[in-house]
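Hi everyone, thanks for making time for this. I'd like to walk you through one protein, so let's get it up on the screen.

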Amino acid sequence: MNQAIISAAVEGQSPLVPNVWEMGVVLVGFAVLMYIVVKYIVPMFEKTFAERAEAIEGGIAKAEKAQAEASAALEEYKQQLTDARAEANRIREEARAEGAQILADLKEKAGAESARITAQAHAAIESERKAAVVSLRAEVGTLATTLAGRIVGEALTDDARSARVVDRFLADLENQNAGAAK
């Protein structure tokens with residue numbers, strides 16, 4: 001190689017100056033390569049870049065849309081939850097009020113039934129007392145007339161007279177019971 005440089009220097013050509021034909025071939029090769037790159041390779045890169053950019057932007061848009069839908073669903077869920085809680089509270093309050101009303105109705109019915117049973121018992125007692133008084137008057141009247149007839153020595157067959165004797169006897173008994181009760 002040193003020899004080629006020395007011989008070129010001797011012939012008058014400088015080793016630093018390139019050969020014109022070599023430069024022309026290199027320039028034509030470079031131009032063809034540049035044409036192929038610009039015409040075919042750069043558009044493929046541009047197309048791939050555009051597809052990737054579109055996919056990324058589409059993915060971002062889809063993600064934003066999904067985020068918005070998720071936020072809307074969350075808000076709807078929260079609203080439904082709030083409505084459900086309010087409905088549960090309303091139902092609970094209605095049940096309490098209804099329970100209190102049922103309890104009051106049952107107490108009222110029990111009080112009415114108690115009053116009816118008490119009144120019925122008083123009426124039964126009163127009717128039994130009256131029946132006992134009538135029965136006692138009859139027995140006492142018979143006993144009193146028999147006793148009075150034995151004391152007086154004659155039979156008291158007159159009904160009016162017997163009734164007067166029995167009434168007088170019972171009045172005396174009531175007066176004695178009233179005086180003893182005081």
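Predicted model: local features only at pLDDT ≥ 70, side-chain atom pairs only at ≥ 80, totals over all residues.

So, what pLDDT does the protein average? The average is 83, and 83% of the residues score at least 70. If that term is new to you, pLDDT is the predictor's confidence in each residue, on a scale from 0 to 100.

Residues are numbered from 1 along each chain as its sequence is written, and side-chain values use heavy atoms, with hydrogens and water left out.

Okay, the overall layout. The protein has three helices and zero strands, so reading from the N terminus you get α-α-α. Helices here are DSSP runs of H or I with at least four residues, strands are runs of E with at least two, and the numbering starts at the N terminus.

Next, the surface. Of the 182 residues, 6% count as buried. Buried means under 20% relative accessible area, exposed means over 50%, and partly exposed is in between, with a 1.4 Å probe and protein chains only. The accessible surface comes to about 15,800 Å², and 63% of that belongs to carbon and sulfur atoms. Those areas come from the Shrake-Rupley method with a 1.4 Å probe, and for residues only the protein chains shown count as cover.

Now zoom in on a nonpolar patch. V28, V32, Y35, I36, Y40, I41 and F45 make up this patch on the surface, with about 720 Å² of accessible area together. To be in a patch, a residue needs over 30% relative accessible area and no salt bridge; like charges are joined within 9 Å, and nonpolar side chains (Val, Leu, Ile, Met, Phe, Trp, Tyr) within 5 Å.

Last topic: salt bridges. Side chains of opposite charge can pair when their charged atoms come close. The rule is a side-chain nitrogen of Lys or Arg within 4 Å of a carboxyl oxygen of Asp or Glu. How many salt bridges does that rule give? The count comes to five.

Let's look at some of them. E87 pairs with R90, with the closest N and O atoms 2.2 Å apart. Both are in helix α2, three residues apart, about one turn of the helix. E87 is partly exposed at 36% relative accessibility, and R90 is partly exposed too, at 39%.

Then there's R96 with E93, at 2.7 Å from N to O. They are about one helical turn apart because three residues separate them in helix α2. R96 counts as exposed at 52%, whereas E93, at 47%, is partly exposed.

Further along, R129 and E126 meet at 2.7 Å, N to O. At 45% relative accessibility R129 is partly exposed, and so is E126 at 32%. Finally, salt bridges that share partners join E87, R90 and E94 into one network.
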